[in-house]
Amino acid sequence: RAIFEAGDTIWPASVIMARWFCIQPPVVPLEGRKVLDLGCGLGIAGIVAAGLGAEVLLQDRDPACLRATLETAVKCEVGKSITTLRCDYRELPGKLMEKEPLAKFAQPDIFLGCDVLLSEENVEALTKILQIFLRSPTQVAYFMDPNTRPHRKMFMQYCESIGLETREDELVTWEPEWDNFLEYDREWVMRLVTVRRPG
C-alpha cells in the first residue's frame, strides 16, 4: 500500500479492475496472454494481471509512476512479467511498431484502461490506438470508468464509428478502509466498457 501511494494516489477504477480479474475471470483468460495497460498510473490492474499469468506492458507518461509500479511488481514477484514504457498515447503506435523489444505487444490479447476516459482528447487518442491494434475478434479491451465520468458515451460512439462493438456493464464494490481525500463514495460505482472487433 505504501508503495502505491508514493507519488500518486490509488484510483478506484484500477482497484476494481484488479478485483474483477480475481473475482470474475474475464472472457479471455489471463494465463499466457499479452496485456497492454494504457495509462497505467501505479499499475495495480496490470500487476494483478501479471500475477494471474499474463505478460504485461505498462504504458504511462509519468516516470515516477512507472518506477513505483516496477518496484511493486518486483516486490510482488512478477517483475519478470512486466515491461514499462514511458510515452504519451499519441506516441504509442510508433513505439510499438518501431522498437523490437516491444514488438510482441503490437497485437496484445487484452487492452486495459482504468479511469483514462478523462477528456475528448484522451478518447480520440485511445480510439486511434484501438483502431490500429485491435485487429482480431480474439482480442478484447476493458475500460473501467467511474460512473460519474462524462466521456464514456463519446468513447463508445467513437469505437462504434470505426466498426468496433462495445458493451457497458455496471460494477459496484466496497471502498477500502484507508482515506483518500481525492475520491468520493460515488467514485466506487463503475462502468466496465468492453470493446471487441466483430467476428
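Which handedness does the crossing of H2 and H3 have? The crossing of H2 and H3 is right-handed. This is a predicted model in which local features need pLDDT of at least 70 and side-chain atom pairs count only at pLDDT 80 or more, while totals for chains, interfaces and linings use all residues. Residues are numbered from 1 along each chain as its sequence is written, and side-chain values use heavy atoms, with hydrogens and water left out. Helices (H or I, at least four residues) and strands (E, at least two) are DSSP runs, numbered from the N terminus.

**Helix packing**

- Helix H2 covers residues 12–23 and helix H3 residues 44–51; their axes come within 8 Å and cross at roughly 20 degrees.
- Axes here are lines fitted to C-alpha atoms, for helices over the stretch in contact, and angles run from 0 to 180 degrees between N-to-C directions.
- H2 and H3 are therefore roughly parallel to each other. That label covers angles under 35 degrees; over 145 is roughly antiparallel, 65 to 115 roughly perpendicular, and the rest oblique.
- A right-handed crossing has the near helix turned clockwise from the far one by less than a right angle, a left-handed one anticlockwise.
- From H2, Ser-14, Val-15, Met-17, Ala-18, Phe-21 and Cys-22 meet Ile-44, Ala-45, Val-48 and Ala-49 of H3. Contact means heavy atoms within 4.5 Å.
- The residues of this H2–H3 contact divide into nine nonpolar, one polar and no charged. Ala, Val, Leu, Ile, Met, Phe, Trp, Tyr, Cys and Pro count as nonpolar, Asp, Glu, Lys and Arg as charged, and the others, Gly among them, as polar.

**Salt bridges**

- A salt bridge is a side-chain nitrogen of Lys or Arg within 4 Å of a carboxyl oxygen of Asp or Glu. By this rule there are twelve salt bridges.
- Glu-55 pairs with Lys-34, with the closest N and O atoms 3.5 Å apart. Glu-55 lies in strand S2 (residues 55–60) and Lys-34 in strand S1 (residues 34–38), so the bridge ties together parts 21 residues apart in sequence.
- Glu-55 is partly exposed at 24% relative accessible area, and Lys-34 is partly exposed at 22%. The classes are buried (under 20% relative accessible area), exposed (over 50%) and partly exposed (in between), with a 1.4 Å probe and protein chains only.
- Arg-90 and Glu-121 meet in a salt bridge of 3.8 Å, N to O. This pair links distant parts of the chain, 31 residues apart: Arg-90 sits in the loop between S3 and helix H5 (92–98), Glu-121 in helix H6.
- Arg-90 is partly exposed at 47%, and Glu-121 is partly exposed at 49%.
- Asp-115 and Arg-149 meet in a salt bridge of 2.8 Å, N to O. Asp-115 lies in the loop between S4 and H6, and Arg-149 in the loop between strand S5 (140–146) and helix H7 (152–161), so the pair ties together parts 34 residues apart in sequence.
- Salt bridges that share partners join Asp-145, Arg-152, Lys-153, Glu-168, Glu-170 and Arg-191 into one network.

**Positive phi outside glycine**

- Glu-77 is not a glycine, yet has a positive phi of about 65 degrees. Glu-77 lies in the loop between helix H4 (63–75) and strand S3 (82–86). Glu-77 is exposed, at 74% relative accessibility.
- Asp-115, also a residue other than glycine, has a positive phi near 55 degrees. Its loop runs between strand S4 (110–114) and helix H6 (120–133). Asp-115 is buried, with a relative accessible area of 8%.
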